[in-house]
Each structure stands twice: as structure tokens, then as C-alpha cells.
Amino acid sequence: MSNIYLVRTNQKINFARIHLDALTVAQNSTKWSKHNEIESYNESILFHLASGYASFLREVAERYSFDTSKVSKLADLESMFEESGQESPERSELSILEQSEVSWLHKMLAAYDACWKAMDNHSKVASDTVSVSEIHVVQVNPNHAEDGEILAEYKLWLNEFRSLVERLRSDMQEW
């Protein structure tokens, strides 16, 4: 096993942490480009978290000797498990997290997907199922009133992701 995806997942987690630190600095800045920097870091954090998650899916696939080149989302990995007849606690937990609208993973993926959309209205309101981050990245000109909440949300997501990866890796090593 090459562990290339293990290294890549760790790298993406580290990149997200670096951008979180930069976001904190940008939020405390008084530079004229402050809001552009904040929006840029918001999206880059989401990119690193989402691509770290995709890499982790490939890491799981590699652990079960699946073709990692065919895994870009959880559904791909689930299909491989179905075809092989194998069960996986990783698959079960990730599926629950992705499907639950109140989970950090579901919200993080929705916020990342929102980076590909744009709206010029502010009608969405944060709730248990819609994160402040998702609303922020969809808005073309957000007012930045929620910047502190978004930073806290990203920190939570990074910590949850790191914890999930460590726990599932530990479980995979036991097998």
C-alpha cells in the first residue's frame, strides 16, 4: 500500500489549518483588501476541507484494495463496497454524516458546493440544516457580519474532520 492518500489527506488538513490562521489574521486586519481576503480564505478553507475529504475517501478505498482512481465521492466508494460484498464501519459512519442535514460533514459539503453558485440576495437564514458558511459563500457581496461565526464553524469542521480521520484510521489499522 502506497499511503499516498494518507499523506494527501494530512496535507489538506494542514492546508486548511494554515488558511484558518490566515483567515483569523485577515479578520483582524484594517487593510482595504480585508473583505476580499476574508472571502478568499473562506473559499480556500472549504476547498481544502472538501478535497481532504475526497482524499480520505480514496484512502479508505486504498485500504480495502479498491481502484482509487474511480473514487471522487462517497457514492463511488459505496458502489465498490456493494460490488465486493464487503461491509465497512467507515462507509457506515461517513454515510450517516453525509446524509444527516445537521452533521458537520453535510454542512461542510453543502458550503463547498455553494462556492459554485452565486446569488444576489440575502434571504437565506442560518439554521440547523443550513450553515452560516454556506450562506456566506453563495452571496456575491456578503456584509461580513457573521465572520466570527464562520471562523468558529470552520474551526469546528476542521477539528471534527481531523478527529474523524484519526478515529477511522485507528479502526482500519486494527483490521
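Biologist: Why is arginine 167 called partly exposed?

Modeller: In this predicted model, arginine 167 has a relative accessible area of 36%. Buried means under 20% and exposed means over 50%, so a value of 36% places arginine 167 in between, as partly exposed.

Biologist: What makes arginine 167 and glutamate 93 a salt bridge?

Modeller: Their side chains meet at 2.0 Å, N to O. The cut-off for a salt bridge is 4 Å between a side-chain nitrogen of Lys or Arg and a carboxyl oxygen of Asp or Glu, so the pair qualifies. Arginine 167 lies in helix α7 and glutamate 93 in helix α4, so the bridge ties together parts that are 74 residues apart in sequence. Glutamate 93, at 23% relative accessibility, counts as partly exposed.

Biologist: How many salt bridges does a search of the whole structure find?

Modeller: The search finds seven. One of them joins glutamate 37 to lysine 31 at 2.9 Å, N to O. Lysine 31 has 47% relative accessibility and therefore counts as partly exposed, since exposed requires a value over 50%.

Biologist: How do you know that glutamate 82 and arginine 91 form a salt bridge, and is each partner buried or exposed?

Modeller: The closest N and O atoms of glutamate 82 and arginine 91 are 2.4 Å apart, and the limit is 4 Å, so the pair is a salt bridge. Glutamate 82 stands at 54% relative accessibility and counts as exposed, because the threshold is over 50%. Arginine 91 stands at 13% and counts as buried, because that term covers values under 20%.

Biologist: Which residues does glutamate 78 contact, leaving aside its neighbours within four places in sequence?

Modeller: Glutamate 78, found in helix α3, is in contact with Arg91 and Ser95.

Biologist: Why are helices α2 and α3 described as roughly parallel?

Modeller: The axes of α2 (residues 34-63) and α3 (residues 74-84) come within 10 Å and cross at roughly 10°. Angles under 35 degrees count as roughly parallel, so α2 is roughly parallel to α3. The contact involves Tyr53, Leu57, Val60 and Ala61 of α2, together with Leu74, Leu77 and Phe81 of α3. These residues divide into seven nonpolar, no polar and no charged.

Biologist: Which residues touch the most other members of the largest nonpolar core?

Modeller: They are Tyr53, Leu77 and Met108, in a core of 41 residues. Helices α1 (4-27), α2, α3, α4 (89-99), α5 (104-114) and α7 (147-174) each supply at least two residues of this core. Not counting residues up to four places away in sequence, leucine 77 touches Leu57, Val60, Ala61, Phe66 and Val71.

Biologist: What makes α5 mostly covered?

Modeller: Nine of the 11 residues of α5 are buried. The buried residues are Trp104, Leu105, Lys107, Met108, Leu109, Ala110, Ala111, Tyr112 and Ala114.

Biologist: Why is asparagine 3 called partly exposed, and where does asparagine 3 lie?

Modeller: Asparagine 3 has a relative accessible area of 34%. That value falls between the limits of 20% and 50%, so asparagine 3 is partly exposed. Asparagine 3 lies in the segment before α1. The C-alpha atoms of asparagine 3 and glutamate 59 are separated by 7.4 Å, although these residues are 56 residues apart along the chain.

Terms used:
Residues are numbered from 1 along each chain as its sequence is written. This is a predicted model: local features need pLDDT of at least 70, side-chain atom pairs count only at pLDDT 80 or more; totals for chains, interfaces and linings use all residues. Side-chain values use heavy atoms; hydrogens and water are left out. Axes are lines fitted to C-alpha atoms, for helices over the stretch in contact, and angles run from 0 to 180 degrees between N-to-C directions. Helices (H or I, at least four residues) and strands (E, at least two) are DSSP runs, numbered from the N terminus. Angles under 35 degrees count as roughly parallel, over 145 as roughly antiparallel, 65 to 115 as roughly perpendicular and the rest as oblique. Contact means heavy atoms within 4.5 Å. Ala, Val, Leu, Ile, Met, Phe, Trp, Tyr, Cys and Pro count as nonpolar, Asp, Glu, Lys and Arg as charged, and the others, Gly among them, as polar. A nonpolar core is a set of buried Ala, Val, Leu, Ile, Met, Phe, Trp, Tyr and Cys residues joined through side-chain atoms within 4.5 Å. Buried means under 20% relative accessible area, exposed over 50%, partly exposed in between (1.4 Å probe, protein chains only).
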